Amino acid sequence: MTTEQKPAPTSAPETPLLDRISSPADMKRLSDRDLSVLADELRSETIYTVSQTGGHLGAGLGVVELTVALHAVFDAPRDKIIWDVSHQSYPHKILTGRRDRMRTLRQKDGISGFTKRSESPYDPFGAAHSSTSISAALGFAVARDLGGACDTGHGDAVAVIGDGAMSAGMAFEAMNNAGALGKRMFVILNDNEMSIAPPVGALSSYLSRLYAEKPFQELKAAAKGAVSLLPAPLQEGARRARDMLKGLAVGGTLFEELGFSYIGPIDGHDMDQLLAILRTVHQRATGPMLIHVLTKKGKGYAPAEGADDGGHATAKFDIVTGQQSKPPSNTPSYTSVFGRALVDHASRDDRIVAVTAAMPDGTGLGLMAGRYPSRCFDVGIAEQHAVTFAAGMAAGGLRPFCALYSTFLQRGYDQVVHDVAIQRLPVRFAIDRAGLVGADGATHAGSYDIAFLANLPGFVVMAAADEAELVHMVATAATHDEGPIAFRYPRGEGEGVTMPEQGVPLDIGKGRMIAEGSRVAILSFGTRLGEVRRAAEALAARGITPTIADARFAKPLDRDLILKLAGDHEALITVEEGAVGGFGSHVAQLLADEGVFDHGLKFRSMVLPDIFIDQASPADMYAVAGLDAPQIEAKVLEVLGIAQLAGKRA
């Protein structure tokens, strides 16, 4: 039976069946009809939960029936159900003993918005980046067959991957390897025709053709009617045969050529079809199987179904209207500032093009795509390709901006080194979500780009201290043709500074003085400058006036500025939103090379600590990291030998 849309709950829904489920084992006693009712209750519970916490909504609603069916047929945690990306895993978490903690979702000390091994034995493999599930599932299958030790035992491995994630090269590398090894494993292709942005590319077109073919539609209609005429005991077998036949009629040639037995496509919201197919493959499969399931993102909740992104990510919202409770803002986001600045330059330079990897709106390129569609490219979830594609355009005489989140740029690092840096190609990297990002936690933190870019010869690396500086850095990148250049900026709203009418290119490798003081100098790189200023205000009440400077560049360093700060002060402190090995390390290297430490300079580098910081508000995360105003103040007092006062103040 196909789940019908029901009115969304306005308060905590009544869920008598779900109330009886404390683990997937409890589902084994339910009838197929009960499982359908359970899916309805699970959908209502998911909507209500996300309305209270915010989070990823549409993806989870799209797999409610699939989640119930998987846990009813397979035996988790012995069987390993691996959710690709895993923003669709909220229903899975509710069914696996975490329902009572869902109100802490994506909050400090709460449960993660993604699967996480340390959180539950039902999360066999952590995720948050896409296209990893098939590789992991194959690893589990090999570990099973070679007798690997596992606390929960070894059963089947099941990868649930979306059509957007399937477009990434890693997924095909894994499928090619899995097909060659021939291990029993299952790949569920959750085809909702939409990743975060509408999926692009030839694979998406191929999947669309699979279920748009007229023979499939005719067969589906005829088979559904024929099954209902059979005696009840024979209906399940007939359904299995019907759905097996659909796979043969439509054809999954692409997947079969990779060594997978293909079944589908099937209706991912029809519990009868899901249970029949999953039970059949569970009983009979001997090698790798791909089950192609059609779902609708945001299924069962009209505001999500009607949203362009299927209700991908939301703040807290009113269940009846879907209206999100986002506080009004008088300042633009860094992302929108970048998007507008880029369009301004593109309007005056037709060599400027833009590339992103499945995140046109998230990176601010939606405006560019609307204004100059032939010059804006969304390559799908394929960061490696995005980087080399941009390199090719740069080699061809264009001025490409490659706009990626910091955490996703990591996936294209080999290409950054070999295809961009070594060839000194002028690719402009716009690095969004730099620093700590809040509710998405460690998997999405932009912690490492300063370190992994600033160590590359010929790279220019900038960080915007505020939204006005970002406008100038876009202008700097637009006119820089001597080699690769990157500029980083955080998630969220700007500082509220006065904005320039137009960006002005900065002098490469030159910082700026913010305030003149004495004894101690604080050299900031990036948006911690606001916290440095707040720390300076607190220090002023103690009679301490630090010098403040904004580095602007981690590479090349402003050698003259740094040596002047070191020579004129007894202490120098660097502050950055990046890991060890970044800006502070380069400053320390310069000071050591110049022999400055021989003259007694006290130097401290404030960086992200050598830990992965779990989800919380950005303010709480920076407090954990030791990079907020009180801790900058304390560092100044410590380096000046009056740290005991910092302790009293804290």
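Predicted model: local features only at pLDDT ≥ 70, side-chain atom pairs only at ≥ 80, totals over all residues.

Author: Let's start with Cys376, which has a relative accessible area of 12%, so it counts as buried, the cut-off being under 20%. Cys402 is buried too, with a relative accessible area of 1%. As for disulfides, the count comes to 0.

Now hop over to Ser447, in the loop between β11 (428-432) and α18 (449-454). Its relative accessibility is 7%, so Ser447 is another buried residue. Who touches it? Setting aside neighbours within four places in sequence, Ser447 is in contact with Ser406, Leu436, Gly578, Ala579 and Leu608.

Most residues other than glycine have a negative phi, and most peptide bonds are trans. You'll find Val85 in the loop between β2 and α4 (90-98), and at 12% relative accessibility it is buried. Ser86 sits in the loop between β2 and α4 as well, and it isn't a glycine either, yet its phi is positive, about 80 degrees. Ser86 is buried, with a relative accessible area of 0%.

Then there are the cis peptide bonds. One joins Ala76 and Pro77, with omega about 10 degrees, and Pro77 lies in the loop between α3 and β2 (80-83). Another runs from Lys555 to Pro556, with omega near -10 degrees; Pro556 belongs to the loop between β17 (553-555) and α21.

Helix α3 (residues 64-73) packs against helix α1 (residues 32-53) at an angle of about 130 degrees, their axes 9 Å apart. That angle makes the pair oblique, and the crossing is right-handed. On the α1 side the contact is made by Leu35, Leu38, Ala39, Leu42 and Arg43, and on the α3 side by Val64, Glu65, Val68 and Ala72. Sort those residues by type and you get 7 nonpolar, no polar and 2 charged.

Helix α21 (residues 559-568) has a partner too: its axis and that of helix α22 (residues 583-593) come within 11 Å and cross at roughly 70 degrees. Because of that angle, α21 counts as roughly perpendicular to α22. Here Arg559, Ile562, Leu563 and Ala566 of α21 meet Val587, Leu590 and Leu591 of α22. This contact splits into 6 nonpolar residues, no polar and 1 charged.

Note on methods
Residues numbered from 1 in each chain as written. Heavy atoms only, no water. Disulfide = S-S within 2.5 Å. Buried < 20%, exposed > 50% of the residue type's maximum accessible area, 1.4 Å probe, protein only. Axes fitted to C-alpha atoms, helices over the stretch in contact; angles between N-to-C directions. Helix = DSSP H or I, 4+ residues; strand = E, 2+ residues; numbered from the N terminus. Parallel < 35°, antiparallel > 145°, perpendicular 65-115°, else oblique. Left-handed = near helix turned anticlockwise from the far one by under 90°. Contact = heavy atoms within 4.5 Å. Nonpolar A, V, L, I, M, F, W, Y, C, P; charged D, E, K, R; others polar.
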